[in-house]
Amino acid sequence: MRRILTLAGFAAGLLLAAPSFAADSPAPVKLVIKPLLCVIDKDATSCAVTFDIRWKSPQPAEYCLSDSVQTTPLRCWPRALAGEMKQERQVTEEFRYWLSLPAGGLPPPAGAERLSEVKIEVLRVGSDDRRRERRTRHVWDVL
Amino acid sequence: MKILLKVAALWAVATLAIAQGVPADAAASQQTVTQEAPAAPPAVLPPERRWRLGAAVGYGERTNPLIQSDDIPVLIDLDIAYFGDHWFFDNGDLGLEFLDNDVVTANLVARVNSDRAFFSKTNTRYVTYSLMAGGNLAMLNNPQTGAPLTPVEALPLEPPKRSYAIEAGVEALFGGEWGQASLHAFHDVSRTHDGYELAADYSYRITRGRLSLSPSVGVSYKSSALSDYYWGVHKDEQSVTLAAYRARGGLGWEAGLRTNYYLTKSVRLAVSANYERLQHSISQSPLVERDYVFGYFAGVGWQF
(Lines give C-alpha, C1' and ligand atoms only; values in the text may rest on other atoms or scores of the structure.)
Protein backbone atom coordinates (compact mmCIF):
# COMPACT_ATOMS: atom_id res chain seq x y z
CA MET A 1 0.00 0.00 0.00
CA ARG A 2 2.82 2.34 0.92
CA ARG A 3 4.54 1.56 -2.34
CA ILE A 4 1.37 2.32 -4.34
CA LEU A 5 1.03 5.69 -2.58
CA THR A 6 4.65 6.51 -3.34
CA LEU A 7 4.18 5.65 -7.03
CA ALA A 8 0.92 7.66 -7.19
CA GLY A 9 2.64 10.66 -5.61
CA PHE A 10 5.56 10.38 -8.07
CA ALA A 11 3.14 10.20 -11.03
CA ALA A 12 1.17 13.19 -9.77
CA GLY A 13 4.40 15.14 -9.38
CA LEU A 14 5.37 14.35 -12.95
CA LEU A 15 1.97 15.48 -14.24
CA LEU A 16 2.17 18.74 -12.31
CA ALA A 17 5.72 19.38 -13.42
CA ALA A 18 5.07 18.62 -17.08
CA PRO A 19 3.36 21.92 -18.06
CA SER A 20 6.02 24.04 -16.36
CA PHE A 21 8.78 21.92 -17.99
CA ALA A 22 7.19 22.53 -21.40
CA ALA A 23 6.88 26.26 -20.73
CA ASP A 24 10.56 26.48 -19.72
CA SER A 25 11.73 24.81 -22.92
CA PRO A 26 10.19 26.55 -25.88
CA ALA A 27 9.98 24.51 -29.06
CA PRO A 28 13.01 25.06 -31.24
CA VAL A 29 12.80 27.81 -33.81
CA LYS A 30 14.77 27.13 -36.97
CA LEU A 31 16.57 30.03 -38.60
CA VAL A 32 18.24 29.34 -41.94
CA ILE A 33 20.34 31.97 -43.70
CA LYS A 34 22.27 31.72 -46.95
CA PRO A 35 25.06 32.47 -47.59
CA LEU A 36 26.97 32.12 -44.34
CA LEU A 37 30.27 33.33 -45.74
CA CYS A 38 31.39 36.58 -47.29
CA VAL A 39 34.71 36.54 -49.17
CA ILE A 40 36.54 39.87 -49.42
CA ASP A 41 39.56 40.35 -51.62
CA LYS A 42 42.47 42.24 -50.07
CA ASP A 43 41.88 45.27 -52.29
CA ALA A 44 38.18 45.46 -51.39
CA THR A 45 36.70 46.83 -48.16
CA SER A 46 33.42 44.93 -48.22
CA CYS A 47 31.40 42.38 -50.12
CA ALA A 48 27.86 42.88 -51.40
CA VAL A 49 25.63 40.02 -50.29
CA THR A 50 21.93 39.34 -50.62
CA PHE A 51 21.03 37.21 -47.61
CA ASP A 52 18.17 34.78 -47.98
CA ILE A 53 16.63 34.58 -44.49
CA ARG A 54 14.01 31.98 -43.59
CA TRP A 55 12.68 30.86 -40.25
CA LYS A 56 10.12 28.38 -39.02
CA SER A 57 8.53 27.71 -35.63
CA PRO A 58 6.03 25.08 -34.42
CA GLN A 59 4.30 27.70 -32.24
CA PRO A 60 2.65 30.86 -33.61
CA ALA A 61 3.94 33.99 -31.93
CA GLU A 62 5.42 37.35 -32.74
CA TYR A 63 9.03 36.83 -33.72
CA CYS A 64 11.58 39.54 -34.37
CA LEU A 65 14.75 39.25 -36.42
CA SER A 66 17.73 41.24 -35.17
CA ASP A 67 21.41 41.51 -36.00
CA SER A 68 24.51 42.48 -34.07
CA VAL A 69 25.13 45.57 -36.20
CA GLN A 70 22.06 47.61 -35.24
CA THR A 71 20.13 47.91 -31.98
CA THR A 72 16.58 47.81 -33.37
CA PRO A 73 15.09 44.66 -34.92
CA LEU A 74 15.31 44.33 -38.69
CA ARG A 75 11.76 43.03 -38.89
CA CYS A 76 8.99 41.52 -36.72
CA TRP A 77 6.33 39.03 -37.84
CA PRO A 78 3.09 39.21 -35.75
CA ARG A 79 1.60 35.82 -34.83
CA ALA A 80 3.45 33.85 -37.48
CA LEU A 81 4.67 30.28 -37.83
CA ALA A 82 7.23 31.10 -40.52
CA GLY A 83 8.76 34.02 -42.29
CA GLU A 84 11.20 34.89 -44.95
CA MET A 85 12.94 37.93 -46.31
CA LYS A 86 15.91 38.97 -48.35
CA GLN A 87 18.38 41.53 -47.17
CA GLU A 88 21.00 43.24 -49.30
CA ARG A 89 23.95 44.51 -47.37
CA GLN A 90 27.60 45.48 -47.63
CA VAL A 91 29.46 43.25 -45.21
CA THR A 92 32.74 44.43 -43.73
CA GLU A 93 33.05 42.21 -40.66
CA GLU A 94 31.52 39.19 -38.97
CA PHE A 95 28.09 39.61 -37.42
CA ARG A 96 25.11 37.57 -36.21
CA TYR A 97 21.42 37.29 -37.02
CA TRP A 98 18.99 35.99 -34.40
CA LEU A 99 15.31 35.56 -33.67
CA SER A 100 13.75 36.63 -30.37
CA LEU A 101 10.34 37.36 -28.85
CA PRO A 102 9.21 40.96 -28.24
CA ALA A 103 8.51 41.99 -24.65
CA GLY A 104 4.92 43.12 -24.05
CA GLY A 105 4.37 44.62 -27.49
CA LEU A 106 7.72 46.40 -27.43
CA PRO A 107 10.75 45.37 -29.50
CA PRO A 108 12.92 42.74 -27.84
CA PRO A 109 15.35 44.30 -25.36
CA ALA A 110 19.07 44.00 -25.98
CA GLY A 111 19.42 41.09 -23.61
CA ALA A 112 16.36 39.18 -24.86
CA GLU A 113 16.73 35.44 -25.19
CA ARG A 114 17.89 34.42 -28.65
CA LEU A 115 15.68 31.58 -29.88
CA SER A 116 17.90 30.83 -32.84
CA GLU A 117 21.14 32.42 -33.94
CA VAL A 118 23.29 32.35 -37.08
CA LYS A 119 26.81 33.70 -37.50
CA ILE A 120 27.92 35.29 -40.79
CA GLU A 121 31.66 34.82 -41.30
CA VAL A 122 34.05 37.00 -43.28
CA LEU A 123 37.08 35.60 -45.05
CA ARG A 124 39.76 37.91 -46.42
CA VAL A 125 41.75 36.45 -49.29
CA GLY A 126 45.14 37.87 -50.10
CA SER A 127 47.39 39.89 -47.90
CA ASP A 128 49.05 43.29 -47.81
CA ASP A 129 52.23 41.46 -46.81
CA ARG A 130 53.62 40.69 -50.29
CA ARG A 131 55.68 37.80 -48.91
CA ARG A 132 52.45 35.90 -48.27
CA GLU A 133 51.53 36.23 -51.95
CA ARG A 134 54.75 34.78 -53.34
CA ARG A 135 54.45 31.69 -55.50
CA THR A 136 56.73 28.81 -54.73
CA ARG A 137 57.85 26.58 -57.57
CA HIS A 138 57.89 23.20 -55.92
CA VAL A 139 56.84 20.08 -57.71
CA TRP A 140 54.17 19.37 -55.13
CA ASP A 141 52.94 22.96 -54.92
CA VAL A 142 49.63 22.96 -56.70
CA LEU A 143 47.44 25.18 -54.55
CA MET B 1 44.80 13.78 -74.22
CA LYS B 2 44.15 11.42 -71.30
CA ILE B 3 45.41 14.10 -68.90
CA LEU B 4 43.21 16.77 -70.47
CA LEU B 5 40.18 14.51 -70.11
CA LYS B 6 41.02 13.90 -66.43
CA VAL B 7 41.34 17.63 -65.79
CA ALA B 8 38.10 18.37 -67.63
CA ALA B 9 36.32 15.75 -65.51
CA LEU B 10 37.74 17.14 -62.27
CA TRP B 11 36.76 20.66 -63.27
CA ALA B 12 33.26 19.49 -64.15
CA VAL B 13 32.89 17.85 -60.72
CA ALA B 14 34.12 21.00 -59.01
CA THR B 15 31.76 23.19 -61.04
CA LEU B 16 28.82 20.97 -60.13
CA ALA B 17 29.78 21.17 -56.46
CA ILE B 18 29.96 24.94 -56.75
CA ALA B 19 26.55 25.11 -58.42
CA GLN B 20 25.06 23.05 -55.58
CA GLY B 21 26.26 25.57 -53.03
CA VAL B 22 24.65 28.62 -54.61
CA PRO B 23 21.17 29.44 -53.26
CA ALA B 24 18.51 29.65 -55.92
CA ASP B 25 16.82 33.03 -56.12
CA ALA B 26 13.81 31.33 -57.67
CA ALA B 27 12.95 29.83 -54.27
CA ALA B 28 11.78 33.18 -52.92
CA SER B 29 8.01 33.24 -52.35
CA GLN B 30 5.56 36.12 -52.54
CA GLN B 31 6.03 36.75 -48.82
CA THR B 32 9.62 37.69 -49.37
CA VAL B 33 10.53 41.23 -48.50
CA THR B 34 13.78 42.66 -49.73
CA GLN B 35 15.46 44.99 -47.33
CA GLU B 36 18.58 47.03 -47.78
CA ALA B 37 20.79 47.37 -44.73
CA PRO B 38 22.83 50.52 -44.19
CA ALA B 39 26.47 50.11 -45.19
CA ALA B 40 28.63 49.22 -42.22
CA PRO B 41 31.84 51.14 -41.59
CA PRO B 42 35.07 49.47 -42.75
CA ALA B 43 36.31 46.93 -40.25
CA VAL B 44 39.59 47.27 -38.38
CA LEU B 45 41.58 44.25 -39.48
CA PRO B 46 43.24 42.07 -36.85
CA PRO B 47 46.97 41.41 -37.37
CA GLU B 48 47.69 38.36 -39.51
CA ARG B 49 48.90 35.23 -37.79
CA ARG B 50 52.60 34.50 -38.23
CA TRP B 51 52.02 30.84 -38.96
CA ARG B 52 50.18 29.73 -42.09
CA LEU B 53 49.28 26.07 -41.91
CA GLY B 54 47.15 24.33 -44.48
CA ALA B 55 46.56 20.99 -46.15
CA ALA B 56 44.73 19.82 -49.22
CA VAL B 57 43.61 16.28 -49.91
CA GLY B 58 42.50 15.19 -53.34
CA TYR B 59 43.85 13.83 -56.57
CA GLY B 60 46.40 15.30 -58.90
CA GLU B 61 49.46 14.54 -60.92
CA ARG B 62 52.51 16.27 -62.30
CA THR B 63 53.97 14.77 -65.46
CA ASN B 64 57.63 13.85 -65.43
CA PRO B 65 59.49 14.88 -68.60
CA LEU B 66 62.39 12.55 -67.81
CA ILE B 67 62.75 9.28 -69.72
CA GLN B 68 62.21 6.05 -67.80
CA SER B 69 60.36 7.81 -65.05
CA ASP B 70 56.93 7.91 -63.49
CA ASP B 71 54.61 10.88 -63.22
CA ILE B 72 54.46 12.40 -59.77
CA PRO B 73 51.17 11.81 -57.96
CA VAL B 74 49.87 14.62 -55.80
CA LEU B 75 47.40 13.36 -53.20
CA ILE B 76 48.25 15.65 -50.30
CA ASP B 77 49.57 19.18 -50.52
CA LEU B 78 50.84 20.75 -47.31
CA ASP B 79 51.27 24.46 -46.80
CA ILE B 80 53.65 25.33 -43.96
CA ALA B 81 54.88 28.90 -43.68
CA TYR B 82 56.01 31.31 -40.99
CA PHE B 83 56.31 35.05 -41.49
CA GLY B 84 58.34 36.96 -38.95
CA ASP B 85 59.02 40.69 -38.94
CA HIS B 86 61.89 40.26 -41.37
CA TRP B 87 62.66 36.63 -41.98
CA PHE B 88 60.27 33.96 -43.23
CA PHE B 89 59.99 30.29 -44.03
CA ASP B 90 57.71 29.44 -46.93
CA ASN B 91 57.37 25.75 -47.77
CA GLY B 92 61.09 25.09 -47.86
CA ASP B 93 62.24 28.55 -48.92
CA LEU B 94 64.04 30.58 -46.28
CA GLY B 95 63.92 34.33 -46.75
CA LEU B 96 65.14 37.57 -45.23
CA GLU B 97 63.30 40.75 -46.14
CA PHE B 98 65.69 43.69 -46.62
CA LEU B 99 63.44 46.19 -48.39
CA ASP B 100 59.73 46.91 -48.10
CA ASN B 101 58.04 50.05 -49.37
CA ASP B 102 54.91 51.06 -51.29
CA VAL B 103 56.35 49.73 -54.55
CA VAL B 104 58.38 46.63 -53.80
CA THR B 105 59.30 44.04 -51.21
CA ALA B 106 62.77 42.56 -51.71
CA ASN B 107 64.05 39.40 -50.05
CA LEU B 108 67.21 37.37 -49.89
CA VAL B 109 66.08 33.76 -50.35
CA ALA B 110 67.67 30.33 -50.06
CA ARG B 111 65.88 27.41 -51.71
CA VAL B 112 66.33 23.91 -53.06
CA ASN B 113 66.41 23.55 -56.84
CA SER B 114 63.20 22.04 -58.19
CA ASP B 115 64.63 20.22 -61.25
CA ARG B 116 66.09 17.50 -59.03
CA ALA B 117 62.61 16.31 -58.00
CA PHE B 118 62.06 14.73 -61.43
CA PHE B 119 65.03 12.39 -60.88
CA SER B 120 63.46 10.72 -57.85
CA LYS B 121 61.01 8.49 -59.67
CA THR B 122 63.15 6.76 -62.25
CA ASN B 123 63.20 3.17 -63.49
CA THR B 124 65.74 1.06 -65.30
CA ARG B 125 64.57 -0.27 -68.63
CA TYR B 126 66.42 -2.90 -70.60
CA VAL B 127 66.64 -2.30 -74.32
CA THR B 128 67.85 -4.76 -76.94
CA TYR B 129 70.16 -4.15 -79.85
CA SER B 130 67.33 -4.51 -82.35
CA LEU B 131 65.34 -1.89 -80.48
CA MET B 132 68.30 0.49 -80.31
CA ALA B 133 69.44 0.06 -83.87
CA GLY B 134 66.05 0.94 -85.30
CA GLY B 135 66.99 -0.43 -88.72
CA ASN B 136 70.60 0.74 -88.53
CA LEU B 137 72.90 -2.06 -89.60
CA ALA B 138 76.08 -0.67 -88.00
CA MET B 139 77.65 -2.95 -85.42
CA LEU B 140 77.51 -1.93 -81.78
CA ASN B 141 79.77 -3.17 -79.01
CA ASN B 142 78.86 -3.88 -75.43
CA PRO B 143 80.65 -1.13 -73.46
CA GLN B 144 81.26 -3.50 -70.53
CA THR B 145 82.68 -6.48 -72.45
CA GLY B 146 83.76 -4.84 -75.71
CA ALA B 147 82.19 -7.71 -77.62
CA PRO B 148 79.73 -7.06 -80.50
CA LEU B 149 76.14 -6.90 -79.37
CA THR B 150 73.70 -9.54 -80.41
CA PRO B 151 70.17 -8.49 -81.44
CA VAL B 152 68.66 -10.02 -78.32
CA GLU B 153 71.25 -8.80 -75.80
CA ALA B 154 69.63 -6.41 -73.35
CA LEU B 155 71.42 -3.37 -71.95
CA PRO B 156 70.21 -1.14 -69.14
CA LEU B 157 68.86 2.32 -69.94
CA GLU B 158 68.64 4.32 -66.76
CA PRO B 159 68.53 8.09 -66.25
CA PRO B 160 71.68 9.30 -64.49
CA LYS B 161 71.69 10.36 -60.85
CA ARG B 162 71.46 14.04 -59.98
CA SER B 163 71.94 15.89 -56.68
CA TYR B 164 69.90 18.53 -54.96
CA ALA B 165 71.34 22.04 -55.24
CA ILE B 166 70.98 24.80 -52.69
CA GLU B 167 70.41 28.09 -54.45
CA ALA B 168 70.55 31.59 -53.00
CA GLY B 169 69.29 34.74 -54.59
CA VAL B 170 67.18 37.83 -54.57
CA GLU B 171 63.50 38.24 -55.29
CA ALA B 172 61.46 41.38 -55.77
CA LEU B 173 57.72 41.19 -55.11
CA PHE B 174 55.24 43.72 -56.47
CA GLY B 175 51.53 43.91 -55.88
CA GLY B 176 48.52 46.11 -56.29
CA GLU B 177 45.03 46.23 -57.74
CA TRP B 178 46.62 45.22 -61.04
CA GLY B 179 47.76 41.87 -59.61
CA GLN B 180 50.99 40.36 -58.27
CA ALA B 181 54.33 40.16 -60.03
CA SER B 182 57.74 38.94 -58.99
CA LEU B 183 61.31 38.84 -60.29
CA HIS B 184 63.81 36.22 -59.12
CA ALA B 185 67.52 35.66 -59.58
CA PHE B 186 69.08 32.55 -58.02
CA HIS B 187 72.59 31.11 -58.12
CA ASP B 188 73.85 27.75 -56.95
CA VAL B 189 75.76 28.11 -53.69
CA SER B 190 76.25 24.38 -53.07
CA ARG B 191 78.66 23.91 -56.00
CA THR B 192 76.30 21.34 -57.47
CA HIS B 193 75.63 22.86 -60.89
CA ASP B 194 77.29 26.31 -60.56
CA GLY B 195 74.55 27.82 -62.69
CA TYR B 196 71.81 30.38 -62.23
CA GLU B 197 68.15 30.98 -62.99
CA LEU B 198 66.32 34.22 -63.73
CA ALA B 199 62.53 34.24 -63.59
CA ALA B 200 59.55 36.56 -63.71
CA ASP B 201 55.89 35.83 -63.13
CA TYR B 202 52.57 37.59 -62.94
CA SER B 203 49.23 36.54 -61.49
CA TYR B 204 45.88 38.19 -61.04
CA ARG B 205 43.18 37.10 -58.59
CA ILE B 206 39.51 37.52 -59.45
CA THR B 207 37.08 37.11 -56.56
CA ARG B 208 33.37 36.74 -57.31
CA GLY B 209 31.21 35.73 -54.38
CA ARG B 210 32.84 32.70 -52.83
CA LEU B 211 34.78 31.82 -55.99
CA SER B 212 38.34 32.92 -56.50
CA LEU B 213 40.21 32.46 -59.81
CA SER B 214 43.88 33.15 -60.15
CA PRO B 215 45.45 32.87 -63.63
CA SER B 216 49.22 33.21 -63.83
CA VAL B 217 52.01 33.35 -66.41
CA GLY B 218 55.75 33.18 -65.97
CA VAL B 219 59.03 32.96 -67.86
CA SER B 220 62.37 31.65 -66.67
CA TYR B 221 65.89 31.55 -68.06
CA LYS B 222 68.07 28.66 -66.95
CA SER B 223 71.79 29.03 -67.53
CA SER B 224 73.87 26.55 -69.51
CA ALA B 225 75.53 25.22 -66.37
CA LEU B 226 72.21 24.55 -64.63
CA SER B 227 70.52 23.11 -67.74
CA ASP B 228 73.50 20.89 -68.57
CA TYR B 229 73.98 19.56 -65.05
CA TYR B 230 70.41 18.30 -64.78
CA TRP B 231 69.46 17.61 -68.38
CA GLY B 232 72.70 16.99 -70.23
CA VAL B 233 74.27 13.54 -70.74
CA HIS B 234 77.82 13.91 -69.48
CA LYS B 235 80.84 12.12 -70.93
CA ASP B 236 81.04 9.63 -68.07
CA GLU B 237 77.34 8.85 -68.50
CA GLN B 238 77.20 8.23 -72.24
CA SER B 239 76.65 4.67 -73.35
CA VAL B 240 75.30 2.66 -76.21
CA THR B 241 71.84 3.37 -74.88
CA LEU B 242 72.39 7.05 -74.03
CA ALA B 243 74.16 9.47 -76.37
CA ALA B 244 76.22 12.34 -74.96
CA TYR B 245 74.39 15.66 -74.97
CA ARG B 246 75.25 19.17 -73.84
CA ALA B 247 72.25 21.25 -72.81
CA ARG B 248 72.56 24.99 -73.23
CA GLY B 249 70.83 27.87 -71.48
CA GLY B 250 67.42 28.97 -72.67
CA LEU B 251 64.04 30.47 -71.95
CA GLY B 252 61.01 28.47 -70.83
CA TRP B 253 57.51 29.62 -69.92
CA GLU B 254 54.53 28.51 -67.90
CA ALA B 255 50.87 29.33 -67.43
CA GLY B 256 48.46 28.23 -64.76
CA LEU B 257 45.06 28.64 -63.23
CA ARG B 258 44.19 28.18 -59.57
CA THR B 259 40.57 28.05 -58.53
CA ASN B 260 39.20 28.10 -55.01
CA TYR B 261 35.60 27.89 -53.92
CA TYR B 262 35.28 28.71 -50.23
CA LEU B 263 32.78 26.55 -48.35
CA THR B 264 33.59 27.99 -44.94
CA LYS B 265 36.23 30.29 -43.56
CA SER B 266 38.70 27.42 -43.36
CA VAL B 267 37.49 24.84 -45.90
CA ARG B 268 37.56 25.22 -49.66
CA LEU B 269 37.31 23.24 -52.86
CA ALA B 270 40.48 23.68 -54.86
CA VAL B 271 41.11 22.95 -58.53
CA SER B 272 44.33 23.94 -60.22
CA ALA B 273 46.27 23.29 -63.41
CA ASN B 274 49.70 24.37 -64.56
CA TYR B 275 51.50 23.93 -67.88
CA GLU B 276 55.24 24.48 -68.15
CA ARG B 277 57.05 24.47 -71.47
CA LEU B 278 60.66 23.39 -71.10
CA GLN B 279 63.31 25.52 -72.74
CA HIS B 280 64.34 24.27 -76.18
CA SER B 281 67.77 22.88 -75.35
CA ILE B 282 66.41 20.88 -72.41
CA SER B 283 63.56 19.52 -74.50
CA GLN B 284 66.07 18.21 -77.08
CA SER B 285 68.00 16.20 -74.49
CA PRO B 286 67.98 12.40 -74.82
CA LEU B 287 66.98 12.42 -71.13
CA VAL B 288 63.75 14.20 -71.97
CA GLU B 289 60.72 12.35 -73.22
CA ARG B 290 58.23 15.24 -73.23
CA ASP B 291 58.94 18.93 -73.76
CA TYR B 292 56.45 20.04 -71.12
CA VAL B 293 55.39 19.50 -67.52
CA PHE B 294 51.68 19.47 -66.86
CA GLY B 295 50.28 19.45 -63.35
CA TYR B 296 46.74 19.39 -62.09
CA PHE B 297 44.97 18.88 -58.79
CA ALA B 298 41.42 18.84 -57.44
CA GLY B 299 40.56 18.42 -53.82
CA VAL B 300 39.48 19.89 -50.53
CA GLY B 301 41.75 22.30 -48.73
CA TRP B 302 41.86 23.28 -45.05
CA GLN B 303 43.49 26.36 -43.61
CA PHE B 304 44.24 25.90 -39.93
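Across all chains, this predicted model holds 29 salt bridges. Side chains of opposite charge can pair when their charged atoms come close. One such pair sits within chain A: Asp52(A) bridges to Lys86(A), with the closest N and O atoms 3.8 Å apart. Asp52(A) belongs to strand 3 of chain A and Lys86(A) to strand 4 of chain A, so the bridge ties together parts that are 34 residues apart in sequence. Both Asp52(A) and Lys86(A) are buried.

Other salt bridges cross between chains. Asp100(B) pairs with Arg130(A), and their closest N and O atoms are 3.6 Å apart. Asp100(B) lies in strand 5 (residues 93-100) of chain B, while Arg130(A) lies in the segment after strand 6 of chain A, so this pair joins two chains. Asp100(B) is partly exposed, at 49% relative accessible area. Arg130(A) has 13% and is buried.

Arg132(A) has a relative accessibility of 16%, so it counts as buried. Glu48(B), at 42%, is partly exposed. Finally, a network of salt bridges links Arg134(A) with Arg52(B), Asp79(B), Asp90(B), Asp93(B) and Glu171(B).

Now the disulfides. A disulfide is a covalent bond between the sulfur atoms of two cysteines. The structure holds two over all chains. In chain A the bonded cysteines, counted along the chain, follow the pattern 1-2, 3-4. Cys38(A) is joined to Cys47(A), with 1.7 Å from S to S. The torsion about this S-S bond is about -130 degrees, so the disulfide is left-handed. Cys38(A) and Cys47(A) are both buried.

Cys64(A) is joined to Cys76(A), with 1.9 Å from S to S. Here the S-S torsion is 110 degrees, and the link is right-handed. Cys64(A) lies in strand 3 of chain A and Cys76(A) in strand 4 of chain A, so the link ties together parts that are twelve residues apart in sequence. Cys64(A) is buried, with a relative accessible area of 0%. Cys76(A) is partly exposed, at 29%.

Beyond its neighbours within four places in sequence, Leu31(A) is in contact with residues including Ile53(A), Trp55(A), Leu65(A), Tyr97(A), Leu99(A) and Val118(A).

Chain B has four helices and 16 strands. Buried residues make up 43% of its 304 residues. Of its contacts between residues at least 6 apart in sequence, 60% join residues at least 24 apart. Chain B exposes about 16,200 Å², and carbon and sulfur atoms supply 61% of that area.

The surface also carries a nonpolar patch, with about 960 Å² of accessible area together; its members include Trp51(B), Tyr59(B), Ile80(B), Trp302(B) and Phe304(B). Strand 2 (51-62) and strand 3 (72-83) of chain B each give two or more residues to the patch. Ile80(B) lies in strand 3 of chain B. With a relative accessible area of 36%, Ile80(B) is partly exposed.

How values were computed:
Residues are numbered from 1 along each chain as its sequence is written. Chains are lettered from A and ligands numbered from 1 in the order in which they are written. This is a predicted model: local features need pLDDT of at least 70, side-chain atom pairs count only at pLDDT 80 or more; totals for chains, interfaces and linings use all residues. Side-chain values use heavy atoms; hydrogens and water are left out. Contact means heavy atoms within 4.5 Å. Patches are made of residues with over 30% relative accessible area and no salt bridge: like charges are joined within 9 Å, nonpolar side chains (Val, Leu, Ile, Met, Phe, Trp, Tyr) within 5 Å. Accessible areas come from the Shrake-Rupley method with a 1.4 Å probe; for residues, only the protein chains shown count as cover. A salt bridge is a side-chain nitrogen of Lys or Arg within 4 Å of a carboxyl oxygen of Asp or Glu. Buried means under 20% relative accessible area, exposed over 50%, partly exposed in between (1.4 Å probe, protein chains only). A disulfide is a pair of cysteine sulfur atoms within 2.5 Å.
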